[in-house]
Amino acid sequence: MKRIGNLFDRVISIENLRLADEKARKGKLRSYGVQIHDKNRDANIIALHESLKNGTFKTSKYHVFTIYEPKERLIYRLPYYPDRILHHAIMNVLEPIWVSIFNKNTYSCIKNRGIHKCAKDVKQALKQDPDGTRYCLKIDIKKFYPSIHHDVLKGIVRRKIKDNRLLALLDEIIDSVDDEKGVPIGNYLSQYFANLVLAYFDHWLKETKRVKYYWRYADDIVILAPNKEVLHELLHEIRAYLKGLKLRVKRNYQVFPVDSRGIDFLGYVFYHTHTLLRKSIKQKLCRRVAKLNKRKIVPSKEDYKQQICSWWGWCKYCDSLNLMNKLSKTFPYEIRFNRT
């Protein structure tokens, strides 16, 4: 594989830093960090450029807090300036390089892919080849982000990048968490680091093991096959491969016939003949509608639609017509539902 150099000067150029500033501020113009940065915007960009050029840049202190939905996890937040601008500047240059490594079966945090592209591909495979997709292996990786070892990640980064100054900068960002393992959830770069760690695993499954039906979204993995014996044997080999990356498969892995229970993946439950909304998402939608309908002051039509639009988006891509028709009867307004 050809390794690429001469990237550092492109990353730290004034033009790239300004472009990164424009991208990083999208949707955040009123945030405190952006407003503080804008008081000395040009001077800050020049100062960041000089610190990178001189090799004196250090990652700022993280603000760490806990979220509880959809599950409990630690979130690490960096200030807008200089860190978030720098992360965007790095990805302006490295994103096309790293995306070229990913095969077509990984979907997380990649432009023009995402949840709905993955869901579409799963549905297509189930419809076109019912016999070849009779059984499912569903796995995910135990504490994926906190378990990524820095030495493993650095080694994988070096398989494509050979610019020593850029590698030193990436190493500094990777080591900014005081431990030998873990990439911070919340960093713009972390989602790409996580994808990168499993990129060659994807190629191994598709090109060496010749797995026909395989999809990965972050660390959630679904593999389909005509019989469960193939999947159990493959699971054993997957565990051995991931051990080399110092990662472990969760003990709650599942091997099951698709028609008996469906594939719970990406917020949907996939069957050969239809696709349903995940039960927990459906419950949250129904509770939100009930809560809106109980308000003493009825929201405006636009506000009402805004409150349910994210669930509406989920419903559009599955067989949820009966659910939406039933809910629509409780709406105080006429809101048309068109399934995609």
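Is Lys284 buried, exposed or partly exposed? Lys284 is partly exposed, with a relative accessible area of 39%. Here buried means under 20% relative accessible area, exposed means over 50%, and partly exposed lies in between (1.4 Å probe, protein chains only).

The model is predicted: local features need pLDDT of at least 70, side-chain atom pairs count only at pLDDT 80 or more, and totals for chains, interfaces and linings use all residues. Residues are numbered from 1 along each chain as its sequence is written, and side-chain values use heavy atoms, with hydrogens and water left out.

Confidence comes next. The predictor's confidence in each residue is pLDDT, from 0 to 100. The protein averages 93, and 99% of the residues score at least 70. Strand β5 (residues 220-225) has the highest confidence, at 98. Helix α15 (residues 301-315) has the lowest, at a mean of 88. Helices (H or I, at least four residues) and strands (E, at least two) are DSSP runs, numbered from the N terminus.

Now find the open sheet. Its three strands follow the order β7-β8-β9, with antiparallel pairing. Two strands pair if DSSP finds at least two bridges between them. β7 (263-265) and β9 (275-277) stand at the edges with a single partner strand each, so one side of each has no neighbour in the sheet. Three bridges join β7 to β8 (residues 268-270). Phe265 stands opposite Tyr268 in β8. Helix α6 (residues 114-128) lies across β7, β8 and β9, at about 15° to β8. Contact means heavy atoms within 4.5 Å. Axes are lines fitted to C-alpha atoms, for helices over the stretch in contact, and angles run from 0 to 180 degrees between N-to-C directions.

Lys284 takes part in one, with Glu69 (3.6 Å, N to O). Lys284 sits in helix α14 (residues 279-293), and Glu69 in the loop between β1 (63-67) and β2 (73-77), 215 residues apart. Glu69 is exposed, at 56%.

Arg278 bridges to Asp264, with the closest N and O atoms 2.6 Å apart. Arg278 lies in the loop between β9 and α14, and Asp264 in strand β7.

Arg41 meets Asp21 at 2.8 Å, N to O. Arg41 lies in helix α4 (residues 41-54) and Asp21 in helix α2 (residues 14-24), so the pair ties together parts 20 residues apart in sequence. Asp21 is buried, at 1% relative accessibility.

Key. Salt bridge = Lys/Arg side-chain N within 4 Å of Asp/Glu carboxyl O.
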